[in-house]
Amino acid sequence: MGSGKTTVGLIVADRLGRRFVDSDDQIEATLQTDARQISQRHGVSELHQIEAAALRRALDHPEPAVIAAAASVADLDELGAMLDGDEFVVVLAGDPEVLHERAAGDDHRRPMSIDTAKRLASTRSRRLQEVADFEVDVTATKPEAIADIIISALHEAARI
């Protein structure tokens with residue numbers, strides 16, 4: 001949370017002429033509730049299962065897309081198997097304290113202490129490195145510049 005997945009994803013999708021899929025939006029459209037409410041009513045474990053299902057649906061769609069997946073998918077044992085190799089996986093990373101502060105005003109934000117945010121960032125970062133094609137530090141970079149960096153990386157990797 002707070003890395004700019006939605007903001008950057010929308011810019012990249014627009015520049016590439018692709019559809020944009022945000023897991024939070026998918027969840028709200030499907031279940032008529034948001035991630036925060038799911039977490040409060042059913043627990044974090046249930047929310048993470050729903051977020052994993054949202055990623056599976058997004059990946060199963062035949063049309064190319066820019067997907068903003070929930071960070072919790074990094075915790076999935078089967079994440080590597082879910083990705084068939086055609087995806088260009090970008091991790092938006094940054095200083096956990098900065099990201100925690102940014103997420104403070106997010107309507108989807110689940111209550112989380114800075115210590116928990118730091119622990120999760122460390123654990124998830126290691127797991128995401130196993131599947132990531134590219135990582136961008138978003139701590140001090142504007143969304144438009146981050147989108148430029150991602151699109152350049154896609155070109156360099158001959159993925160677009």
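Entry 1. Before reading any accessibility, I noted the terms: buried means under 20% relative accessible area, exposed means over 50%, and partly exposed lies in between. I also noted that the model is predicted.

Entry 2. I looked up the number of salt bridges and found six. I then examined some of the pairs one by one.

Entry 3. I found a salt bridge between Arg56 and Glu78, whose closest N and O atoms are 2.6 Å apart. Arg56 belongs to helix α4 (residues 44–60), whereas Glu78 sits in the loop between β2 (65–68) and α5 (79–82); this pair links distant parts of the chain, 22 residues apart.

Entry 4. Next I looked up Arg124, which meets Asp75 in a salt bridge of 2.9 Å, N to O. Arg124 lies in helix α7 (residues 114–129) and Asp75 in the loop between β2 and α5, so the pair ties together parts 49 residues apart in sequence. I noted Arg124 as buried, since its relative accessibility is 11%. Asp75 has a relative accessible area of 30% and is therefore partly exposed.

Entry 5. Finally I turned to Glu97 and Lys118, which form a salt bridge with the closest N and O atoms 2.8 Å apart. Glu97 is in helix α6 (residues 96–103) and Lys118 in helix α7, and the pair links distant parts of the chain, 21 residues apart.

Note on methods:
Residues are numbered from 1 along each chain as its sequence is written. This is a predicted model: local features need pLDDT of at least 70, side-chain atom pairs count only at pLDDT 80 or more; totals for chains, interfaces and linings use all residues. Side-chain values use heavy atoms; hydrogens and water are left out. A salt bridge is a side-chain nitrogen of Lys or Arg within 4 Å of a carboxyl oxygen of Asp or Glu. Helices (H or I, at least four residues) and strands (E, at least two) are DSSP runs, numbered from the N terminus. Buried means under 20% relative accessible area, exposed over 50%, partly exposed in between (1.4 Å probe, protein chains only).
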